[in-house]
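The sequence and the model are shown below.

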Amino acid sequence: MPCHGGRPARRVRSALVTVGELLRRWRHRRRVSQLDLALAAGVSARHVSLVETGKTNPSADMVLRLAERLDVPLRERNRLLLAAGFAPRYPERPLGDGALAAAREAVERVLRAHEPYPAVAFDRRWDILRANRAVEPFFAGVAPELLRPPVNLVRLGLDPRGFAPLVVNLADVRAVFRARVGRQLAAAPDPRLAALYDELLGPAAGDGEDAEAAGRSIAAESDVVLPMILRLDGREVRMFSTITTFGTPMDITLDEVAIELYYPADAESAAYFEQG
């Protein structure tokens, strides 16, 4: 459309982000130089520079090679491929999909095998996908609105309507969640996860917690790991957890699944779960 004076209007710059810009963002996020990325990918630093500046169009294989060296999540690798003009490479199917039957059975086997101790499987946003029977009693006192899908593990753990009233060392547990979710957001930003962080883990969250507990060093609770201390049936139960993930997933859902296994931190806590 011409503007006043007969001069042509300026071309509007496309809002689409190029593959080069996306790769540069990931390289900066990973704090890797062009030279280091080039060496890891087996190409020249000049080639990486040309890709990032849009002066050369990378092949799909080159996009994926660079993405792999930058440890880009599969969801974001698809975005890189689309920005470069290629079809997405990695499917995203629900965990209940028939194509994921073997992986789903593996998750459920791990959860069942961990009984009588609690275990949950959750996605990148901490929404619970599966849980074993040992988790069910914990839901008894939770507000119904927190149990409507998707049920979020961070919200269950920190919301006053969830497990928070049971957690003796809530300030420490909040600090652990804050560190874990913070690392996730630094590695792969996500708007919904960022909103959850701001609500439950940001500077204002936990202001009403005991000041002495909030100021205590995380490492002070244990010489090995920080336990989560729960007050259950009038006794203190101490738990710690480990995280399991799929090693070489080729599906976005599996790439984002994590299984958290909770273990008793002492004999008395083990007895609580083993008594029946």
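A pocket is defined on a 1 Å grid over the protein atoms alone, as an open set of points where a 1.4 Å probe fits, with protein on both sides within 12 Å along at least five of seven lines; lining residues have an atom within 4 Å of a point. The model is predicted, so local features need pLDDT of at least 70 and side-chain atom pairs count only at pLDDT 80 or more, whereas totals for chains, interfaces and linings use all residues. Residues are numbered from 1 along each chain as its sequence is written, and side-chain values use heavy atoms, with hydrogens and water left out.

**Pocket**

The largest pocket has a volume of about 950 Å³, a volume being the space filled by probe spheres set on grid points that are joined across faces, edges and corners. Its lining comprises 35 residues, and Pro73, Arg124, Gln184, Asp255 and Glu256 lie nearest the centre. At least two lining residues come from each of helix 5, helix 8, helix 9 and strand 4. Helices (H or I, at least four residues) and strands (E, at least two) are DSSP runs, numbered from the N terminus.

**Salt bridges**

The whole structure holds 21 salt bridges, each a side-chain nitrogen of Lys or Arg within 4 Å of a carboxyl oxygen of Asp or Glu.

| Pair | N to O distance |
|---|---|
| Arg27 and Glu52 | 2.6 Å |
| Glu256 and Arg75 | 2.8 Å |
| Glu105 and Arg109 | 3.2 Å |

Arg27 in helix 1 (residues 19–29) and Glu52 in helix 3 (residues 45–53) are 25 residues apart, and the pair links distant parts of the chain. Both Arg27 and Glu52 are buried; buried means under 20% relative accessible area, exposed over 50%, and partly exposed in between (1.4 Å probe, protein chains only).

Glu256 is buried at 14% relative accessible area, while Arg75 is partly exposed at 22%. A network of salt bridges joins Arg75 and Glu256 with Glu92, Arg124, Arg125 and Asp190.

Glu105 and Arg109 are four residues apart within helix 6 (residues 101–113), about one turn of the helix. Glu105 is partly exposed, with a relative accessible area of 30%, and Arg109 is exposed, at 53%.

**Nonpolar cores**

A nonpolar core is a set of buried Ala, Val, Leu, Ile, Met, Phe, Trp, Tyr and Cys residues joined through side-chain atoms within 4.5 Å. The largest has 35 residues, and Trp126, Val154 and Leu158 have the most contacts inside it. Helix 8 gives the largest share of this core, five residues. Not counting residues up to four places away in sequence, Trp126 touches several residues, including Val154, Phe177, Val181 and Leu193, contact meaning heavy atoms within 4.5 Å. Another core, of 23 residues, lies apart from the largest one and includes Val19, Leu23, Trp26 and Ala38.

Helix 8 (residues 170–187) reaches 26 Å from its first C-alpha to its last. Among its buried residues are Phe177, Arg180 and Val181.

Phe273 belongs to helix 12 and is buried, at 10% relative accessibility. Phe273 and Pro118 are 155 residues apart in sequence, with their C-alpha atoms 8.9 Å apart.

Definitions and conventions
Expected span 1.5 Å × (residues − 1).
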